[in-house]
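Visitor: I would like to learn how to read a sheet in a protein model. Please show me one and take me through it step by step.

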Amino acid sequence: MVAPVSDALPPIRIVALYNFTPFEDIVALRGPLQEVCDREGIKGILLLAPEGINGTIAGSDDGMEQVLDHIRAMPGCEELEIKESRAPEMPFRRMKVRLKKEIVTMGQPNIDPRKDVGQYLAPDEWNALISDPDTIVIDTRNDYEVAIGTFKRAEDPKTRSFREFPEWFRKRRKELEAKGRVPKIAMFCTGGIRCEKSTSFVKAEGLDEVYHLKGGILKYLETVPEEESLWEGECFVFDQRVSVKHGLEIGSYDVCHACRRPVSEKDKASPMFVQGISCPHCHNERTEEQRQRYAARELQEKLARQRGKEHLGTQQK
């Protein structure tokens, strides 16, 4: 049982979690996990794959403890990695437990983060490493995430999906080695899970001096004082908060319901932004038929909100 929530704290507890562990039967794990989440009023998304569990969920403190106890009782999940924050309102619309081939998709079947990963660095050690001019600092997230915030000196691979990272890295490594450099690599991501795979991949490629930020950007923003921070901008998160700032305060971005990318106030002032239908990032990527579908969905969601219900077509980020 957790202590009662102070009146000064927002009532919703948000937990981002992951754990690499071999699951023999993810189908058998799915039903009981969905059931305990539903019973305790927990919402969000959890991914189950043969390599482990990953996701973000939100709800009351007591309900969250029940769900976390259930997950920790699953095979190999005793040392579950979690990061916590709070919100004044529920950031998810429903609860979904999904079955996947990978809990974070890289498309490299021989990579196993349980066997070999980079060296973890705590947030209070991170600044010295990335300030070293001999360190190659790499943001392993996708382009739309990097666009709203990243660390000073970080390289942006400009990937649209994590599957593109291995090809980008191999090309970048050749460029560095052509200049006579044996790279010392520092990698980071939102919560740490992508770095588990990316550092494992890089070590499998034959590089030894590989580091990653323990707990990811979220732990850094939570624990490092803003006046000491080397983070610039905001951090994209995959729930209705859209982005967070230092101290994990809710950020300033909204999200385009058509392409799921973050949009700023400047973006929303563009003639290419139509609520629920398009934004400057996706306006030229969508057909008129797609925009008509988005418009119909937006209307249905508006009517559902007016009735005090959630429209079943609402997409989960």
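This is a predicted model: local features need pLDDT of at least 70, side-chain atom pairs count only at pLDDT 80 or more; totals for chains, interfaces and linings use all residues.

Visitor: How does the chain cross from E9 to E10?

Guide: The path goes through helix H6 (residues 193–204), and this β-α-β crossover is right-handed.

Visitor: What holds strands of a sheet together in general?

Guide: Strands pair through backbone hydrogen bonds, in either a parallel or an antiparallel way. In this model, E10 also pairs with strand E6 (residues 119–121), in the parallel sense and over three bridges. There, Tyr211 of E10 is the bridge partner of Gln119.

Visitor: Which strand is joined to E9 by five bridges?

Guide: That is E7, and E7 and E9 run parallel.

Visitor: In what order do the strands of the open sheet lie?

Guide: The order is E6-E10-E9-E7, four strands with parallel pairing. E6 and E7 (135–139) are the edge strands, as each pairs on one side only. On average, neighbouring strands of this sheet are turned by 30 degrees against each other, direction ignored.

Visitor: Where do the side chains of a strand point?

Guide: In a regular strand they alternate between the two faces of the sheet. Take E10, residues 210–213: Val210 and His212 point one way, while Tyr211 and Leu213 point the other way.

Visitor: Are these four residues of E10 buried or exposed?

Guide: All of them are buried, that is, under 20% relative accessible area.

Visitor: Which helices lie across the strands?

Guide: Two can be described here. Helix H3 (residues 123–131) lies across E6, E7, E9 and E10, and runs at about 135 degrees to E9. Helix H5 (residues 165–178) lies across E7 and E9, at about 160 degrees to E7.

Visitor: What pLDDT does the protein chain average?

Guide: The average is 91, and 94% of the residues score at least 70. Over residues 1–6, however, the pLDDT is below 50, and this stretch has eight contacts in the model beyond near neighbours in sequence. Residues 311–317 are also below 50, with 27 contacts beyond near neighbours in sequence.

Note on methods. Residues are numbered from 1 along each chain as its sequence is written. Side-chain values use heavy atoms; hydrogens and water are left out. Buried means under 20% relative accessible area, exposed over 50%, partly exposed in between (1.4 Å probe, protein chains only). Helices (H or I, at least four residues) and strands (E, at least two) are DSSP runs, numbered from the N terminus. Two strands pair if DSSP finds at least two bridges between them. A crossover is right-handed if, with the strands pointing away from the viewer, the path from the first strand over the helix to the second runs clockwise. Axes are lines fitted to C-alpha atoms, for helices over the stretch in contact, and angles run from 0 to 180 degrees between N-to-C directions. Contact means heavy atoms within 4.5 Å. pLDDT is the predictor's confidence in each residue, from 0 to 100.
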